[in-house]
Amino acid sequence: MSCSCTSSPTTNVNEEIQEKIKNHPCYSEGAHQHYARIHLPVAPACNIQCNYCNRKYDCSNESRPGVTSGKLQPIEAAKKVLYVGGEIQQLSVVGIAGPGDALANPKKTFETFKILQEKSPDLKFCLSTNGLKLTEYIDEIVKYNIDHVTVTINTVDETGEIGSKIYPWVHWEHKKLRGKEGAKRLLKQQLEGIKMLTDRGILVKANSVLISGVNDKDLPNVAKKLKELNVFLHNIMPLLSAPEFGTKFGLDGVKSATDQEVMAAQEACGMDMKLMSHCRQCRADAVGLIGEDKSEEFAKETFTSKSFEELEEVYNLEARVKKHEMIENWRKHLEKANDRIKIEQATKEELSSTSQTKLIAVTTGGEGMVNMHFGSASEFLIYEAGDKAIKFVMHRKIESAYCSGPENCDNNPIEEIKETLKDCDILLTEKIGDCPMDELNSIGLICDESYALQPIERSVYEAYKKHFTCEEQEAG
Ligand code: SF4
Ligand code: SF4
C-alpha cells in the first residue's frame, strides 16, 4: 500500500486519469473540499421502479428520498450554469442526476450538455443513471465528452432473486418486465453498459444502496464484479427509509442502514476495489461544495431573465481560470502541511502499530481546514487514526446544525448529534460552547478546539498522538 495525500487521491492512477479527476469533487478525495458541483434537474422521467424511491421526489440513487427539486428546461439549465459558475468560481462539474433518470430523458439531457459544451468549456460533465439505457446512448455520452458516469448497481445476483426484492418492475422495449425478469434485464444492461463505458475510457463510479437483509451479503460480489469491469470508484450509500418518505421499503418497515453498517459493508468490500467514502446523497438541483447546498440561493428568475450574452459576462471564463489556479496552489501548500500522513483504504495494521485506532470527527467549512464552529456544522468528517497514519472514513450528516437561530435555541438537535458521534473519540472543531461540550463529554467524546484554522489531516494525526499515545501524554 503506498501512501497518498490529498492531491494524489488514488493509488495506481495514471496521469491522464489524475488530470481528469483532479478537480472533480466526487471522484477525487482531495478535490471535494475545494471544488463545487451543480446538478441540473432536467430529467424528470424514470424507466424503472426502485423500492427505495417515491417518484413524487428526486431519484434516490443520488438524492435523499423525500427531497423535491424544481425542474428546468435545457436552455434554463444552461443559463443557470453560467450564472452559478460566475457566482461560485470553484464550480468545476455539471451533473445530471434526476429528478428521474438522466438516460430516461435523453433529449433533455443531451441537449443541455450540447449547449454547455459551447458555453462553459472549462466544466466537466457528469451523469447519473440506473444503467438500463447505457448501451443505447453510449455514442452520445462519448460525443458530448461526458467523461464521468455514475451507475447505481445494487446486486449482481444473476438469478434475479435479490433484484426482484429491490425493483418491482423495469420498463423495457415498451413492456413492463416484473420481478426476476425485470431484475435480470436491468443487470444485463448495467453490466454491458458499464463495460462499454470503461472500454471507451469513461470513468465510472458505481453507487450501491445498502439494504440490510436484502443485498448486504451480495455487496462484496458487486465490488468484485465492478473491479473486473474497471469501475473507478464504488460508493456504498445507506438506505434511507421512513414511512413518511412514502417508499415501498419505508411503508414495509425496512430499516435505514446505520453508519456502522455502512462502515462494515465498506470494510467487507474494501479489499476488492477502491471505495468512495465522501459521497453524499444530494438533491437533483444541488449547488455548491459537496455537503453544502446553495440551491435555494439561485431562484429561477435570477438567471432566466438574463440573455446568454449577459450571462457569459457573469461567467467570466478568465477569472474562473485564475481562481482554479489559486485553488491548485493552495492545495499544494496544504499537501505540504499535511505531510503525507493519510493512507487511502488502509487496514488497521497499516494505521496503527497496535491495530488499535480511534475515530475523530471534524467540522469544516472547506479548503481542507478545521474552520467551522460546532454550532454551524450540519455534517462531520470522520477519520480513523492510529500512531502510523490516518484515513478518511465517511461524512455523517445531521438534519440541522446545533445552532439554527435564536428561535430554535431550546430545540437543538444535541441528541441526534450524540447518536451520530457515539462511536467517535475526539471532535476537532474551531469553537464549541460549554453546554454542547458538556453534553458531548458525557458520551466520552473529547472536544478539542486547539486545532482551529489548522489543516485537517495533520490535525487529526496530531490530536490522536496528543490524546492517545502514551509517550506523548507522558511527555506532555
Ligand atoms: S432510478 Fe432513481 S428515479 Fe428511478 S425509481 Fe430508481 S431511485 Fe427512483
Ligand atoms: S453527485 Fe454524481 S452526478 Fe453529481 S457531480 Fe457527483 S458524481 Fe456527478
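Analyst: Let us begin with a ligand. The shell around ligand 2 consists of 3 nonpolar, 3 polar and 2 charged residues; here Ala, Val, Leu, Ile, Met, Phe, Trp, Tyr, Cys and Pro count as nonpolar, Asp, Glu, Lys and Arg as charged, and the others, Gly among them, as polar. This is a predicted model, in which local features need pLDDT of at least 70 and side-chain atom pairs pLDDT 80 or more, whereas totals for chains, interfaces and linings use all residues. Residues are numbered from 1 along each chain as its sequence is written, chains are lettered from A and ligands numbered from 1 in the order in which they are written, and side-chain values use heavy atoms, with hydrogens and water left out.

User: Which residues surround ligand 2?

Analyst: A residue is near a molecule if one of its heavy atoms lies within 4 Å of it. Around ligand 2 one finds His-24, Cys-26, His-39, Glu-62, Val-93, Cys-126, Thr-150 and Lys-205.

User: Which residues come nearest to ligand 1?

Analyst: Cys-46, Cys-50, Cys-53, Cys-59 and Asn-61 do, out of 13 residues around ligand 1. That shell has 7 nonpolar, 5 polar and 1 charged residues.

User: How are two packed helices described?

Analyst: One gives the angle between their axes and the distance between the axes. Axes are lines fitted to C-alpha atoms, for helices over the stretch in contact, and angles run from 0 to 180 degrees between N-to-C directions. Helices (H or I, at least four residues) and strands (E, at least two) are DSSP runs, numbered from the N terminus. Helix α2 (residues 74–87) and helix α11 (residues 308–315) have axes that come within 7 Å and cross at roughly 30°. They are therefore roughly parallel to each other, a term for angles under 35 degrees. Their contact comprises 9 nonpolar, 2 polar and 2 charged residues.

User: How do the strands of a sheet pair?

Analyst: They pair through backbone hydrogen bonds, either parallel or antiparallel. Two strands count as paired if DSSP finds at least two bridges between them. This model has an open sheet of 5 strands with mixed pairing, in the order β14-β13-β12-β15-β16. At its edges, β14 (390–397) and β16 (446–448) each pair on one side only. The average twist from one strand to the next is 25°. Strand β13 (residues 379–385) runs antiparallel to β14, and 7 bridges join them. Within this pair, Leu-381 has His-395 of β14 as its bridge partner.

Technical notes: Angles under 35 degrees count as roughly parallel, over 145 as roughly antiparallel, 65 to 115 as roughly perpendicular and the rest as oblique.
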